[in-house]
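Take a look at the fold below.

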Amino acid sequence: KVQAFIATLMGLFLARGLAYIISLTSVTINDPVYQSLALTQIFIPFVPKAYLYPPSLVGPLLLLVAVYIAFYTRFGRTIYAIGNNEQSARLMGLPVGRTKIIVYAFSGFCSALAGIVFSISLLAGYGQFATGLELDTIASVVMGGTLLTGGVGNVIGSLFGVLIEGTIISILQYNGTLSSWWTRIGVGVLTLVFIGIQSLFYLRRKNA
């Protein structure tokens, strides 16, 4: 009965601490498979001089898998039911405990896969890499219309949340005259605005 957010943070602190036990400094990756994946170019047909690297394909493929699971499987519908009201889902006979464990496992798999892709792009590993990225993730999900209380939201909305946040950060960084901290301030303000909008919709739906 531990909140998912708390359990996830504890896992983050544990993994980061274990990374520091391995090394306190950046570790260069010389593995030939890693280097091959990082440097291989996949040219895009009919687009001159345009190419992608293999790690760039992981995100779109995982997005398609997540969309299929969420919208076209019983498992996905069970997740929505648990997020909306866990007690009601339990009374309906849904496998709440098993589903939550599978969700944690899938989340861990996605985190591990993201770490591998990130290390391939940099050809290095370090415990301080991606510090604070978990907050960017939360902000993107909120901007994409997912309620932090659960039961409302979808993967496509989260994709647009990522695009919105990335666009805002790019605009602030492109200005060139602002401190890098303004990007964090901008993301924080946007997140608060979207949380406020979600609260208004939730209260209106509750009072309807």
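Helix 2 (residues 32-39) packs against helix 6 (residues 96-122) at an angle of about 80°, and their axes are 8 Å apart. Helices here are DSSP runs of H or I with at least four residues, strands are runs of E with at least two, and both are numbered from the N terminus. Axes are lines fitted to C-alpha atoms, for helices over the stretch in contact, and angles run from 0 to 180 degrees between N-to-C directions. Helix 2 and helix 6 are therefore roughly perpendicular to each other. The cut-offs are these: under 35 degrees is roughly parallel, over 145 roughly antiparallel, 65 to 115 roughly perpendicular, and the rest oblique.

The model is predicted: local features need pLDDT of at least 70, side-chain atom pairs count only at pLDDT 80 or more, and totals for chains, interfaces and linings use all residues. Residues are numbered from 1 along each chain as its sequence is written, and side-chain values use heavy atoms, with hydrogens and water left out.

Which residues of helix 2 and helix 6 make the contact? Helix 2 brings Tyr34, Leu37 and Ala38, while helix 6 brings Ile116, Ser119 and Ile120. Contact means heavy atoms within 4.5 Å. By class, this contact of helix 2 with helix 6 has 5 nonpolar residues, 1 polar and no charged ones. Ala, Val, Leu, Ile, Met, Phe, Trp, Tyr, Cys and Pro count as nonpolar; Asp, Glu, Lys and Arg count as charged; the others, Gly among them, count as polar.

Helix 6 also packs with helix 3 (residues 58-72). Here the angle is about 170° and the axes are 12 Å apart. Helix 3 and helix 6 are therefore roughly antiparallel to each other. From helix 3 come Val58, Leu62 and Ile69; they meet Phe106, Cys110, Leu113 and Val117 in helix 6. By class, the contact of helix 3 with helix 6 has 7 nonpolar residues, no polar and no charged ones.

Now step back to the whole chain. The protein chain has 9 helices and 4 strands. From the N terminus on, the order is α-β-α-β-β-α-α-α-α-β-α-α-α. Its C-alpha atoms fill a box of roughly 55 × 45 × 40 Å, taken along the principal axes. Among contacts between residues at least 6 apart in sequence, 56% join residues at least 24 apart.

How much of the chain counts as buried? Of the 208 residues, 20% do. Buried means under 20% relative accessible area, exposed means over 50%, and partly exposed lies in between (1.4 Å probe, protein chains only). The accessible surface of the protein chain comes to about 14500 Å², and 71% of it belongs to carbon and sulfur atoms. Accessible areas come from the Shrake-Rupley method with a 1.4 Å probe; for residues, only the protein chains shown count as cover.

Next, the aromatic rings. Rings of Phe, Tyr and Trp (its six-membered ring) pair if their centres lie within 6.5 Å; planes under 30 degrees apart are stacked, over 60 edge-to-face, and the rest tilted. The count comes to 6 aromatic pairs. Tyr51 and Tyr53 form an edge-to-face pair, 5.7 Å centre to centre with 85° between the planes. Tyr51 is partly exposed at 36% relative accessibility, and Tyr53 is partly exposed at 31%. In the pair of Phe118 and Phe129, the ring centres are 6.0 Å apart and the planes stand at 65°, so this pair is edge-to-face. Phe118 lies in helix 6 and Phe129 in the loop between strand 4 (124-125) and helix 7 (133-143), so the pair ties together parts 11 residues apart in sequence. Phe118 is partly exposed at 35%, and Phe129 is partly exposed at 28%. Phe43, Tyr51 and Tyr53 form one aromatic cluster.

Leu123 lies in the loop between helix 6 and strand 4. Leu123 has a positive phi of about 50° although it is not a glycine. Ala130 sits in the loop between strand 4 and helix 7. Ala130 also has a positive phi, about 65°, and is not a glycine.

Leaving aside neighbours within four places in sequence, Thr78 is in contact with Leu94 and Thr99.
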